[in-house]
Structures are given as C-alpha cells and as structure tokens.
There are 2 protein chains.
Amino acid sequence: MRTLKLTIAYDGTRYAGWQAQAGPQAADGGPPASQRPTIQGALERVLRTVLQERVMVVGSGRTDAGVHAEGQVAHVRTRSAMPARRLLRSVNQLLPADLAVLRIEEAPEGFHARFDARRKRYRYRLFTGPVVPPFIRPYVHHVRAPLNVPLMRREAAALRGRHDFRAFARASSWRRTGSRTVTAVALRRKGPELHLEVEGNGFLHTMVRSIAGTLIDVGRGRLAPGTARRMLRTGERRLAGTTAPAKGLSLVDVRYPGDGG
Amino acid sequence: MRTLKLTIAYDGTRYAGWQAQAGPQAADGGPPASQRPTIQGALERVLRTVLQERVMVVGSGRTDAGVHAEGQVAHVRTRSAMPARRLLRSVNQLLPADLAVLRIEEAPEGFHARFDARRKRYRYRLFTGPVVPPFIRPYVHHVRAPLNVPLMRREAAALRGRHDFRAFARASSWRRTGSRTVTAVALRRKGPELHLEVEGNGFLHTMVRSIAGTLIDVGRGRLAPGTARRMLRTGERRLAGTTAPAKGLSLVDVRYPGDGG
C-alpha cells in the first residue's frame, strides 16, 4: 500500500462541508446540507474513477458548510502505482472548478492527516469598506459598523495559550474537554479588509467563527472589552458574540511534524 | 443637471462586455455575446429604477466580453437630488453580485468619463503554478510552459513610450492612427502569479491582450526576442503572439486631471 498526502483548495460555497454531518442541520443559505455535495464525497468519486479503486479520503478535520480552504490536507491509501504527477493532472481534470488538489506527495506509510496534524491556521476575512468588490464577495464577511481595531487586538490577545474554549463552541462539539492551545492570533489590516488569523493545535466546532463574532461585537461596542477573557474563565456560551458567517472563513494550512517552519 | 462620477467593479465572466458590439462577434465561451447582458445595460436599468429617470451611463471606454474591472469609471447626468450615499446603497442593492458601484462622487458639470480620461491602467494576470486555486480561476490565464521572465521584461521595455501599436490590435480598431503612449509597463512576480501591468493614455482594441500574448510567446520560446520592437516598427499584425484570453485582463483604474498621483 502507498500513502499519498493531498493538499486541497476549495470554494466551500455550494458544499455541505468537508463531510456530511449526521442528522438534520441548518445550512448557511442554499439548499439543505443533506442535498448539497461534500468535499470528501467529490474527491472520493473522482479518485475512484482515476485509480479504478475505492479509496477513503481522510481529511485533517472537517470544515463546515460554506467554509473555504486554501490548504486542507488529506491522506489516501492506494494500491495504484500511478505517478503522483499524472494522478494530480487526471484528478483536477475531473474535479469541478470550485475544488482543486494543489499537490500530491508520497507520504510515509503510517501518515495520518488527522492524527498527525500538529497545527492548523485559519483566516477569517472581514470587509470593512462601504461596497464589497464582486471578486471577493463569496470570501468575506461585510461589517458596515465602524470597528475599534486596537480594542479588538487587545481582546484577541487574551485567547493566546492553552485554555478551555468551550464557550466559543457549539455545546455538542466538545466531549471530555474543550481545552485547546491557540499558538498565534493576529488581526491584520489589508486595505479595506481586516484579517483574523488564528493558529492552534486543534479547534472546536465553529470556534474560529465564534471568536471572530465576539471580536467584531467588542470592536463595534456591542460587547464589553474583556468578554473573551470572561468566556474562557467561565465557559459560558451565552456571553459570546454572534457567530460570524461561514463564508468569511478559510482553512489556510495544516502542519505536520517535519514540515519545518 | 448634476453630473456624477461612478467607480465600478465587475466580474466580466458572464457579460458581453461594457457595451454590446455592433454586428455578430464570437464570444469567449458561454452564449453568443448578443444574448449576454452588458455592464452598461445592467447599470442603466438599475439607475433608471432608483432615479425614476432614464439616464445614460458613459464609460471611460469599452471593455471586451469576459474582461473584468476593478476601477472602471463612468459618468451619469441626472436631475435627481438624491444624496450620493443613498444612491450608492440603493444601486448596489439592486445590482447582481458580479457588478458593483464602489463609489459615487459629485463631478464638475462638464465632466466626461471618456473624453477627460488621461490614463488607464490594466493588469493581465498569468498563473504559472501547476494547479490554479478555485478562488482565482475566473481571473487568471494559466500558462503551464516555463517562462523566461527576464527575457519577457526586456521585451516589455520596448513598448514604453509613444508608438504606433496597430500590430497589437484588431485591424478594425484603429482608424486614422494607431499611435498611443504607454507610460508604464511592468511584469511583477506575485507568488505563483505573474502580473503584466500596462498604463497608457489610450489603448486599441485587444491591445493589452495582444501584448500579453506576445510576451508569453517570447517567454516560452515560441517567438524570437525583439518581436515586440519589430511589430512597432513594421505594424505587422501577423508577427504577434496568440492574443491572451479575456479572463486574465482587468481594468485597474482610470485617472483624470486633478486625481493626483
């Protein structure tokens, strides 16, 4: 058996997410999630055609309906001897335009995209100008209210480190513990955009969107400064700001031991 | 009468261009140009609804079917007293997602978006990596062949200044003269992208796409270095490289007297 590491980019707009969720769930606009395709499903279908073999595509983790990825990582185990370059070309010819495999690399036999992942980096894009240019509409959350960015930066700093993030997650998403380590968090100005970048060893369900929403609500004066710190201390979900919409979020990259950097 | 200056952005993918061309014309993919909407038409329809008055939207110039704009400029004359901010909001609420008015400003009564334009800047985006990420597929031309960028830069330098550019244009697009001034031309590396930026006082039909195509063909070794200079000297269209596809091209901005910079 051969193990392949796939780096994947997608525009999540029309997908039910990386993997269909069990049970009924509200979709972020568009048809119900159950009727929309999944990233994993689309990849498995195309790989099956190209490799002439059923394969399972194991991602580093799920992304929700409507969330994008610039560098999701997955692994596949196959008996095929097809060179990675040819496989890459064939797979991309068959994939829809909103889903692409950017790289295929040979990986050590035991490589596991989920268990071996050390760090993930997400970017949440806010657009703060008056009119969103058409090119980026599917990828940004438009905030019309003026934002106090220095205040948001101070709020964000409280998130760094190891904390119980359960107040930033859907209740169903943590079992034994909501403890996660955020290794870096930053708010960067990019012209009319404001990017929230969060890096960590793992994330609870909707955690980044809940962080984004809470920071926005602090920045626009709807929530008191210090809310994030109080949420970490008390674990109280009801203190959180409005969860920011899926379309502003993108999984930027996933790091593994030996990746360097 | 009041004159308004509009700054407009669009994803040109599904449009027949700024304005429908007279006569039959092959479209760059999609339905024939005659069945596709025009940017000008879409703007005039929405402005008529909002202003309750027929208006003409006069652009700085046409853009072809499939060409994008980050900063097209147009003017409108109206009797309406509606504040520019309210007009901006109302217009954008009615426009489709791939077309937006970024700014509306009061302009001197005699302002004319076409006659007064001093400089235009276009960007042609080449993607030179192996796989184009989904987010930018509508906006880049994918070149798989290795490109000799230093050679392309030397070739591009020959275009600077006042020349007869008829060899870079469809024959129908120049009447008395093909003489234009290119004030700046540059090739910039942006990660896996290569951007050709061309600024000038005016452009012939398909001129930037023909420049892009010629530079690409020189860069990949299909055309001899010095081709651009020969084209300027002889005016011979048949020397040109393959005209690069519309989707890589964007009108970045248009400058007027008093704009500064």
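Which residue forms a salt bridge with A:Arg119? The partner is A:Glu199, and the closest N and O atoms of the pair are 3.5 Å apart. That bridge links distant parts of the chain, with A:Arg119 in strand 5 (residues 119-127) and A:Glu199 in strand 9 (residues 193-200) of chain A, 80 residues apart. Keep in mind that this is a predicted model. Here's a quick tour, starting with the overall build of chain A.

**Overall build of chain A**

- Chain A has five helices and ten strands. Its radius of gyration is 19 Å, close to the 18 Å that the globule rule gives for 261 residues, so chain A is as compact as a globular protein of that length.
- Along the principal axes, the C-alpha atoms of chain A fill a box of roughly 60 × 40 × 40 Å.
- Of the 261 residues in chain A, 56% are buried.
- If you look at contacts in chain A with a separation of 6 or more, 71% of them are between residues 24 or more positions apart.

**Surface and charge**

- The accessible surface of chain A is about 12200 Å², and carbon and sulfur atoms account for 50% of that.
- Chain A carries 45 positive and 20 negative side chains. The centres of those two sets lie 3 Å apart.

**Salt bridges**

- Over all chains, the structure holds 30 salt bridges.
- Back to the opening pair: A:Arg119 is partly exposed, at 38% relative accessibility. A:Glu199 comes out at 19%, and it counts as buried because the cut-off for that is under 20%.
- A:Arg222 pairs up with A:Asp217, with 3.7 Å between the closest N and O atoms. A:Arg222 is exposed, with a relative accessible area of 53%, whereas A:Asp217 is buried at 6%.
- Over in chain B, B:Arg123 bridges to B:Glu70, the closest N and O atoms being 3.0 Å apart. This pair also links distant parts of its chain: B:Arg123 sits in strand 5 (residues 119-127) and B:Glu70 in strand 3 (residues 68-78) of chain B, 53 residues apart.
- B:Arg123 is buried at 15% relative accessibility, while B:Glu70 is partly exposed at 31%.
- There's a salt-bridge network in chain A too, linking A:Glu70, A:Arg121, A:Arg123, A:Arg188, A:Glu197 and A:Asp253.

**Around B:Arg180**

- You'll find B:Arg180 in strand 8 (residues 179-190) of chain B.
- B:Arg180 and B:His163 are 17 residues apart in sequence, and their C-alpha atoms are 5.8 Å apart in space.
- Leaving out residues up to four places away in sequence, B:Arg180 touches B:Gly161, B:Arg162, B:His163 and B:Phe165, along with B:Asn201, B:Gly202, B:Phe203 and B:Leu204.

**Backbone spots to check**

- Most residues other than glycine have a negative phi.
- A:Gln52 lies in the loop between helix 1 (39-51) and strand 2 (58-59) of chain A, and is exposed at 68% relative accessibility.
- A:Thr206 is in the loop between strand 9 and helix 4 (207-219) of chain A, and counts as buried at 7% relative accessibility.

Methods. Residues numbered from 1 in each chain as written. Chains lettered and ligands numbered in written order. Predicted model: local features only at pLDDT ≥ 70, side-chain atom pairs only at ≥ 80, totals over all residues. Heavy atoms only, no water. Helix = DSSP H or I, 4+ residues; strand = E, 2+ residues; numbered from the N terminus. Rg over C-alpha atoms; globule rule 2.2 N^0.38 Å. Buried < 20%, exposed > 50% of the residue type's maximum accessible area, 1.4 Å probe, protein only. Contact = heavy atoms within 4.5 Å. Areas by Shrake-Rupley, 256 points an atom, 1.4 Å probe, with all protein chains shown as cover. Lys, Arg positive; Asp, Glu negative; His and termini not counted. Charge placed at Lys NZ, Arg CZ, Asp CG, Glu CD. Salt bridge = Lys/Arg side-chain N within 4 Å of Asp/Glu carboxyl O.
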